[in-house]
Every structure is written in C-alpha cells, then in structure tokens.
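Colleague: I have a model open and would like to go through parts of it with you. Could you put it up here?

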Amino acid sequence: MAGVAVKAIDTEGPVPAGGLALRPETSGQTAGDVTAARLQGPVRAGDDFGRWLAPIAVITIFAVGAGILSAGLPPGVAGAGSLAMLGLAAGLSGAALSPRIRYPRLTVPALVGVGLCGAGLDWQADGPGFIASYVSLVGLGLRAPRRIAILAGIPVVTAICVEETYESANPASTLLAVIAASGLLFMMAAFAAVSLDRRQHAEALLAQEEATSQARQAAAALAERSRLARDLHDVLAHNLSALAVQLEAIRLMVITKGAGENIVNQITAARKLACIGLLESRRVLLLLREGETPDAASLPALVSEISALLGIPVALQPHGVPCPLGPGAGAALYRVVQEGLTNVVKHAGRGAEVTVRLAWAPDGVQVSVTDRGGDGVDSGLPSSGSGLSGMVERVSLIGGHLQAGPTGDGFAVHLWIPSAQAR
C-alpha cells in the first residue's frame, strides 16, 4: 500500500506553465476513467461550486429574458425569434454546465451556442441580451481547458463586437470596451477554475500523504510484531518443545527402570504442562503475526495439532454450509474451541475422547466441544480459573452465547455465533 501511494505522489511531476494541474490517479482507476476525469475541465462535476453552475446560468438567462420583455419584444418574426433564442440559450447553458455532462466535445459547442444566442438577442431586441454571451465566456473559463476555451471564445467575442459596434457612434471605443470586459470575465473565470483545481490537487496530495504515513506506520508495527514473534518463538517455543521431549524421554526411562507410579504420574503431568505451555505460546505468536488471525478454517489444523501433540483423539464434525461471520467472530470461534481443548487436556485425565461439532446455518453457527471417558487421573493441573469467564466475555462482544458445564461423564462447551447478516 505504501509503495502504491508513494508512486502516485512521485509521478505527479511539476505543473507546466499555463497548463492544468494533473489530478492524482488512484490505483483503482482505469485509463478511460483518468481520461474522462481530465476532460471534465477545471471544475469537477463533484464540486459544490460545480453543482451550482447550471442553476445560476439558467436563472441569469431568465433574468435576461425578463429585461428584454420589460423593454418590449420586437414585433413579428423578430419577437418570436427572440423568445426562441432565449429558450435555446437557457437549455444549452443548463446542459453545458450540468455536472452530469463532463466532456468538452459536448460542453464547448453548447456554450458557444449560448454566446451566439446572446449576440442574436442583443441584435434583435432591446435589453441586456449580451449578458447571455458573458455567461458563455464564464462557462468556458470554468469548464473547458485553457486553449480550447480561448479558441471557442473567439467567435462569441467576435459576435458581440460586431453587434455592439454596428450602430455605435464610436466603434473603436466600443470594440475596446467589449474586448476588455470579455477578457476580464474570462480571466476571472479561468483564475477561479485554476484555484479550485490547485486546491483539489493539494487536498488529493494531502490525502495520499496521510495514506502513505498510515501505511508506513502499519508496516513498522507489523515489522515490530514480527520481530517479537520471532524472538518468542526462538526463546520460548523452542525451549518448551525441547522440555516436552526431554520429559517424555525421562518418563519412558523411569518406566523402563521400574520406578514408582507416583514418579511416572508427576513426570507425565509435567510433560502435559509443557505441552499446554507450548500451545499457549503458539496462540500468542498467532496473535502477534498480523494476517495470521485464525478463524473457522483453521480448526482442522488446530484439532490435528492438539491430537498429535498430546495423544488425545479429537474428532472434528462439520455440518452444513459455512456462512459469513462478522468481524472478530471467526477468531472468537477458534479461541473458544482452543480453550475448550486446553481444558480437556488439563482436567479430563487419561482415556478422554473429544468431539468438536460445527453446525452451520444461514443465521449462524453452533459449536460444541465435548469430552467423555476421561478417568480424571492427574487432572489437577494448575489453572488460572479465568478461561471460561474469558470465553464468555469474548463471545458476548460479538453477540453470541456460550454455555459450559459438566455432563454425565465429561464436560461440554456449547457456543452460538450469529452470522454477519443476522447481527
């Protein structure tokens, strides 16, 4: 993630003079999406200001129409033509400045049409028809790339100049005034568009910097967790594994030499404690290694590991089709089964048989860990007594229910976890 974010920032490059600032491209964009985004013009469709362009332009055109009507429509065909051009200008301005229309090949001709309609209105009728042409120039400055906007604005400015200087007493002065007013409006609109684009560009860069910083922090935390996991594995897990092997060898040796049953039982209990400690250390290692959080899919490996390590037959019986569980539910299911099997090792004694049953349903999963047939010998191994209460707290956080208690010849733990849809 950090590599992607840094690459996106590095590839921005400097902004050429007089050009548009390129917007950062996200990793999920296709080439067509990026091209479409660049063709939107300086004011993006998602901007709050961009949403107001079309309504403001249409209201301005209607205001122009009100001014023309108040001054009086020309008689005959000229009046009908003026009304037609008013409607056409309103429709074209609304379409050209709509946030749903993003391509210059559509917006630019429509805005040029608005400008020509404004010049025509000023030619045929008294009133502020030329304002529609200025709406066209402002729209071009805001929505079109610079070069295209300048080229498209030339016929609009030319039409206004021809109309205004046709009957002017001082054509040169009128021409300069029209060009100055048009240029000022266009430059103000272009400056506003560039300012908005630079602001969006800066916000995008800040967002990418933040994402990069978070990715680096996550990578540093993951590296530290991995280091701790390696250290614990090298120091604790290896020592416990070696201790369990040595205790087993001692147990076999004292049995061969005919030692008393009490000594054999004590060595067996010590080996069992070492094996339990090894399982607990592996649990801590899994918690430290991010990306290796166990879930229901990890249960077969857990069952095989405990059965092989401690010599206890454990049968895993899944039923039904697995359903998606909520966040943390898969890990809670795994931990409850693990704690249940650990309790069997501590308290069931020799000869115990364990069954882990998973009954999947659309609304959740029912999990049962039951043991039977243990003789209870050497079952008084040390225990903190907080395993069951810890399981209840873990399950309650995800909306599940847990029941545990003795059965006729053993102990049973029953767990219910709702599915992601049922929560």
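Colleague: Which residue in β5 does Ala404 stand opposite?

Modeller: Ala404 stands opposite Val413 in β5. Please note that this is a predicted model, in which local features need pLDDT of at least 70, side-chain atom pairs count only at pLDDT 80 or more, and totals for chains, interfaces and linings use all residues. Residues are numbered from 1 along each chain as its sequence is written, and side-chain values use heavy atoms, with hydrogens and water left out.

Colleague: How many bridges join β4 to β5?

Modeller: Six bridges join β4 (residues 401–406) to β5 (residues 410–418), and the two strands run antiparallel. Strands here are DSSP runs of E with at least two residues, helices are runs of H or I with at least four, and both are numbered from the N terminus. Two strands pair if DSSP finds at least two bridges between them. With three residues between them, β4 and β5 form a hairpin.

Colleague: What is the order of the strands in the sheet?

Modeller: The order is β1-β2-β3-β5-β4, in an open sheet of five strands with mixed pairing. β1 (314–319) and β4 are the edge strands, each pairing on one side only. From one strand to the next, the twist averages 10°.

Colleague: Changing topic: at what angle do α4 and α5 pack?

Modeller: Helix α4 (residues 77–96) and helix α5 (residues 104–124) pack at about 155°, and their axes are 8 Å apart. Axes are lines fitted to C-alpha atoms, for helices over the stretch in contact, and angles run from 0 to 180 degrees between N-to-C directions. The two helices are therefore roughly antiparallel (an angle over 145 degrees). Their contact (heavy atoms within 4.5 Å) involves, among others, Met85 and Leu92 of α4 and Val114 and Leu121 of α5.

Colleague: And how many residues of that contact are nonpolar, polar or charged?

Modeller: The contact of α4 with α5 divides into 12 nonpolar, seven polar and no charged residues. Ala, Val, Leu, Ile, Met, Phe, Trp, Tyr, Cys and Pro count as nonpolar, Asp, Glu, Lys and Arg as charged, and the others, Gly among them, as polar.

Methods: Angles under 35 degrees count as roughly parallel, over 145 as roughly antiparallel, 65 to 115 as roughly perpendicular and the rest as oblique.
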